[in-house]
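Here's a quick briefing to read alongside the model. Have a look at the structure, then work through the points below.

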Amino acid sequence: YGLMYLLAFLCAWGLASYRAKQRDGWTSDMVSDLVFYGALGVVLGGRIGYVLFYEFDKFLENPIWLFQVWTGGMSFHGSFLGVMIALLFWCNKYQKTWFQALDFIAPCVPTGLMFGRIGNFIGGELY
């Protein structure tokens, strides 16, 4: 899954960099920060979401379990919420509206979903 995350972020970064060159008011630094914020949102939100949505009883027994990432557990729902929160911070930093940011990243999202599903297939979760 780590390789799939890496491929997804690299593809999103490449596509976003290409799109930034086509638009006024978008720089490569903005894209780099956008990918960084998005990656944090995906990973932190995914793990926290998994723990809160699916294994909350384990978390209550041992809060340190949240940081034991080698035991597995990521949640799409948590990743989505994490990215939305990270995007709010990014919009505030660069003075972009929510809709400007969503319009910019919309074409980049399917690459992440594609690599995620490939990872699920390789991991034997999809047939």
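G2 sits in helix α1, which covers residues 2-22; helices here are DSSP runs (H or I, at least four residues), numbered from the N terminus. This is a predicted model, where local features need pLDDT of at least 70, side-chain atom pairs count only at pLDDT 80 or more, and totals for chains, interfaces and linings use all residues. Residues are numbered from 1 along each chain as its sequence is written, and side-chain values use heavy atoms, with hydrogens and water left out.

**More on G2**

- G2 is exposed, with a relative accessible area of 54% (exposed means over 50%, buried under 20%, partly exposed in between, using a 1.4 Å probe and protein chains only).
- The C-alpha atoms of G2 and G119 are 8.9 Å apart, though 117 residues separate the two along the chain.

**The nonpolar core**

- The largest nonpolar core has 17 residues, and W26, V31, L34, L87, W90 and F104 touch the most other members (a core is a set of buried Ala, Val, Leu, Ile, Met, Phe, Trp, Tyr and Cys residues joined through side-chain atoms within 4.5 Å).
- Two or more residues of this core come from each of α1, α2 (28-54), α4 (76-94) and α5 (98-105).
- With 5 residues, α2 gives the largest share of this core.
- Apart from neighbours within four places in sequence, L87 is in contact (heavy atoms within 4.5 Å) with L34, W98, A101, L102 and I105.
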